[in-house]
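The following note sets out several points for a colleague examining this entry. Please read them alongside the coordinates.

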Amino acid sequence: MAATPEDHKQRLQAAFAELAVGNGRPFVDLMADDFCWTVPGSGPWAGTYRGKRAVREELFKPLFAQFATPYTNRALRFIAEGDHVVVECRGAVRTVRGQDYGNAYCYVCRFGADGRLAELNEYMDTALIDAVLEPPARG
């Protein structure tokens with residue numbers, strides 16, 4: 001039996017319940033191996049990170065290296081339709097430079113036929129990320 005929009009929504013709700021207390025493992029575990037994370041725009045963090053390994057190495061590693069406290073992300077709303085779930089959420093963390101970084105996000109997530117996350121498009125306050133965080137090194 002194919003997963004329903006409600007199934008997808010519940011999986012993300014469970015992952016975000018853990019993110020809210022600083023545990024990102026369930027969210028990462030939802031990602032398919034060929035998962036793609038896209039940050040639209042033209043800033044230094046913009047781009048498409050193709051594959052779970054690329055997401056972890058090229059996006060998460062330089063991002064989390066700048067955090068002095070555990071990163072939390074609290075979901076405010078979930079909207080599910082078809083194989084998509086939209087999540088409105090708020091992140092919170094203190095950086096190693098002593099600044100608070102609390103961005104607002106809208107994640108548009110698509111689940112694959114296997115019930116795992118296939119894609120995520122991240123919309124955020126790009127001026128805030130540019131003001132508070134160092135850009136990632138590009139190899």
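1. In this predicted model, threonine 95 touches Gln66, Phe67, Ala68, Tyr101, Val132 and Leu133, leaving aside residues up to four places away in sequence. Threonine 95 is found in the loop between strand 4 and strand 5 (100–101). Is threonine 95 buried or exposed? Its relative accessible area is 4%, so threonine 95 is buried.

2. The largest nonpolar core has 35 residues. Leu12, Phe16, Phe27, Trp37, Tyr101 and Tyr107 are those with the most contacts inside this core. At least two core residues are supplied by each of helix 1 (5–19), helix 2 (25–30), strand 1 (31–39), helix 3 (52–64), strand 4 (84–94), strand 6 (104–111), strand 7 (117–124) and helix 4 (126–132). As a general matter, nonpolar side chains in soluble globular proteins tend to be buried together.

3. Tyrosine 107 deserves a separate entry. Not counting residues up to four places away in sequence, tyrosine 107 touches Phe16, Trp37, Tyr71, Asn73, Val85, Val86, Val87, Cys89, Leu120, Asn121 and Glu122. Phe16 and Trp37 are, like Tyr107, among the residues with the most contacts inside the largest nonpolar core.

4. On the cysteines, a search of the whole structure finds zero disulfides. Cysteine 36 is in no disulfide, and the nearest cysteine sulfur, that of cysteine 109, is 13 Å away. Cysteine 36 is buried, its relative accessible area being 17%.

5. Cysteine 109 is buried, with a relative accessible area of 0%.

6. The largest pocket has a volume of about 380 Å³. Helix 2, strand 1, helix 3, strand 6 and strand 7 are the elements that give two or more residues to its lining. The largest share of that lining, four residues, comes from helix 3.

7. Which residues lie nearest the centre of the largest pocket? Of the 21 residues that line the pocket, these are Trp37, Phe60, Leu63, Phe64 and Tyr71. By class, the lining of the largest pocket divides into 17 nonpolar residues, three polar and one charged.

Note on methods. Residues numbered from 1 in each chain as written. Predicted model: local features only at pLDDT ≥ 70, side-chain atom pairs only at ≥ 80, totals over all residues. Heavy atoms only, no water. Core = buried A, V, L, I, M, F, W, Y, C linked by side-chain atoms within 4.5 Å. Buried < 20%, exposed > 50% of the residue type's maximum accessible area, 1.4 Å probe, protein only. Contact = heavy atoms within 4.5 Å. Disulfide = S-S within 2.5 Å. 1 Å grid on protein atoms, 1.4 Å probe; cavity = no way out; pocket = protein on both sides within 12 Å on 5 of 7 lines; lining within 4 Å. Points joined across faces, edges and corners; volume = space filled by probe spheres on them. Nonpolar A, V, L, I, M, F, W, Y, C, P; charged D, E, K, R; others polar.
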